[in-house]
Amino acid sequence: MFLYKIDEKLSLKLTEVSDADRLFELTENAREYLKEWLPWLDFTTDVADTREFLKGTMKGYAENKSMTTVILYEGEIVGTAGFNSINWSNKTAYIGYWLGHEYQGKGIMTKVARALTDYAFDHLKLNKVEIRAAEENKKSRGIPERLGFVKEGRIRQAEWLYDHYVDHVVYGILAEEWDKNKQG
């Protein structure tokens, strides 16, 4: 089992089907909040949907196409984060994440995104990490900004959210830039 310890309170663990009940509980508890920025809530109506999602994430990992983890905070699952996809030809990973509402504001996701970026460069030997966020999603955009990612551009109408399109802001950082950030 993959377990990546970030600090004494925070770790990442590869998803397992047994995580479904807790992830669905988190989803239910924050459904309306999450729906503002995540397009999949209408397709996750019971725990069986979460189980299917987890099976898909495990398949993506087995095929070396993605890596989805649950975020463990003080031993409890509080959200998910990982590489939604890995482009091995271009040596680029695309980070995605969500966190239960009650766990926000503690710096958890910034630490998680930092750890995933470290993992991408140090262990996977990738060249670039990207994070994309809806233009108006200030909380999510703050994560790559705090970590020194470069704002690379805006993709118009990048995502359909239930009844409207949202533009995405693309952030990226190269391995050589990340190394300089860590040193300086």
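The lining of the largest pocket draws at least two residues from each of α1 (20-29), α2 (31-35), α3, β4 (76-87), β5 (92-99), α4 (108-122), β6 (128-134) and α5 (138-146). Here helices (H or I, at least four residues) and strands (E, at least two) are DSSP runs, numbered from the N terminus. The structure is a predicted model, in which local features need pLDDT of at least 70 and side-chain atom pairs count only at pLDDT 80 or more, while totals for chains, interfaces and linings use all residues. Residues are numbered from 1 along each chain as its sequence is written, and side-chain values use heavy atoms, with hydrogens and water left out.

Rolling a probe the size of a water molecule over the atoms shows where empty space is left. A pocket is an open set of points, on a 1 Å grid over the protein atoms alone, where a 1.4 Å probe fits, with protein on both sides within 12 Å along at least five of seven lines; lining residues have an atom within 4 Å of a point. The largest pocket holds about 1,200 Å³ of space, a volume being the space filled by probe spheres set on the points, which are joined across faces, edges and corners. Its lining is made by 47 residues, and L38, G96, Y97, W98 and S140 are the closest to the centre. The largest contribution to this lining comes from β5, with six residues. Sorted by class, the lining has 21 nonpolar, 16 polar and ten charged residues (Ala, Val, Leu, Ile, Met, Phe, Trp, Tyr, Cys and Pro count as nonpolar, Asp, Glu, Lys and Arg as charged, and the others, Gly among them, as polar).

Aromatic rings come next. The whole structure contains six aromatic pairs (rings of Phe, Tyr and Trp, the last by its six-membered ring, with centres within 6.5 Å; planes under 30 degrees apart count as stacked, over 60 as edge-to-face and the rest as tilted). Y4 and Y119 make an edge-to-face pair, 5.4 Å centre to centre with 80° between the planes. Because Y4 sits in strand β1 (residues 3-5) and Y119 in helix α4, this pair ties together parts 115 residues apart in sequence. W40 and W98 form a tilted pair, since their ring centres are 5.8 Å apart and their planes stand at 55°. This pair joins parts 58 residues apart in sequence, because W40 lies in the loop between α2 and α3 and W98 in strand β5. W98 is buried, with a relative accessible area of 9%, whereas W40 is partly exposed at 26% (buried means under 20% relative accessible area, exposed over 50%, partly exposed in between, with a 1.4 Å probe and protein chains only). One aromatic cluster is formed by F121, F149 and W178.

Charged side chains complete the picture. The search of the whole structure gives 18 salt bridges, each a side-chain nitrogen of Lys or Arg within 4 Å of a carboxyl oxygen of Asp or Glu. In one of them K55 meets E52, with the closest N and O atoms 3.2 Å apart. K55 and E52 are three residues apart in helix α3 (residues 47-62), so about one helical turn separates them. K128 and E130 also form a salt bridge, at 3.4 Å from N to O, and both K128 and E130 are buried. A network of salt bridges links K128, E130, R132 and E152.
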